[in-house]
Amino acid sequence: VQLQASGGGLVQAGGSLRLSCAASGNIFSGNVMGWYRQLPGKQRELVADMTSVGTIRYADNVKGRFTISRDNPKNTVHLQMDSLKPEDTAVYYCNLADLKLGWANLVDYWGKGTLVTVSS
């Protein structure tokens, strides 16, 4: 499975960006696609994810500002980021968790990160 992300960049505080990620390869229909982010010197953290049946999780600090969506037939996931804050500055990573072997044995795939910079 390969993940190709796009859409990062520089934006002023209060602005918007849209991240997109396309998955290709041998993709099992039961999966979770989403976005994580990582700040320098910190652990990668969940931003938002969405199962193939539509269950969504958001990190508390992005609720009401970010919206995740996906297109299952196209194996794509998008993250609409509005009202961006300087603390949203990070490298954002697309993730696909393959659930073929169940939740306890999921297999993670990662895209290359895309940098989002929010200036104050």
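Reader: Is Val107 buried, partly exposed or exposed, and why is it put in that class?

Author: In this predicted model, Val107 has a relative accessible area of 34%, and because buried means under 20% and exposed means over 50%, Val107 counts as partly exposed.

Reader: Okay, and which strand is Val107 found in?

Author: Val107 belongs to strand S10, a strand that runs over residues 107–110.

Reader: What does Val107 contact, leaving aside its neighbours within four places in sequence?

Author: With those neighbours set aside, Val107 is in contact with Leu96, Ala97 and Asp98. For Leu96, the separation from Val107 is 11 residues in sequence, while in space the two C-alpha atoms are 8.1 Å apart.

Reader: Switching topic, how many residues line the largest pocket, and what is its volume?

Author: The volume of the largest pocket is about 160 Å³, and its lining consists of 13 residues, with Val32, Tyr36, Asp49, Arg57 and Trp103 lying nearest the centre. Two or more lining residues come from each of strands S4, S5, S6, S9 and S10.

Reader: What classes of residue make up that lining?

Author: Sorted by class, the lining of the largest pocket holds 7 nonpolar residues, along with 3 polar and 3 charged ones.

Reader: And the largest nonpolar core, which residues have the most contacts inside it?

Author: That core has 27 residues, and the ones with the most contacts inside it are Trp35, Val47, Phe66, Leu79, Met81 and Tyr92.

Reader: Which strands supply at least two residues of this core?

Author: The strands that do so are S1, S3, S4, S5, S7, S8, S9 and S11.

How values were computed. Residues are numbered from 1 along each chain as its sequence is written. This is a predicted model: local features need pLDDT of at least 70, side-chain atom pairs count only at pLDDT 80 or more; totals for chains, interfaces and linings use all residues. Side-chain values use heavy atoms; hydrogens and water are left out. On a 1 Å grid over the protein atoms alone, a cavity is a set of points where a 1.4 Å probe fits but cannot get out, and a pocket is an open set with protein on both sides within 12 Å along at least five of seven lines; lining residues have an atom within 4 Å of a point. Grid points are joined across faces, edges and corners, and a volume is the space filled by probe spheres set on the points. Helices (H or I, at least four residues) and strands (E, at least two) are DSSP runs, numbered from the N terminus. Ala, Val, Leu, Ile, Met, Phe, Trp, Tyr, Cys and Pro count as nonpolar, Asp, Glu, Lys and Arg as charged, and the others, Gly among them, as polar. Buried means under 20% relative accessible area, exposed over 50%, partly exposed in between (1.4 Å probe, protein chains only). Contact means heavy atoms within 4.5 Å. A nonpolar core is a set of buried Ala, Val, Leu, Ile, Met, Phe, Trp, Tyr and Cys residues joined through side-chain atoms within 4.5 Å.
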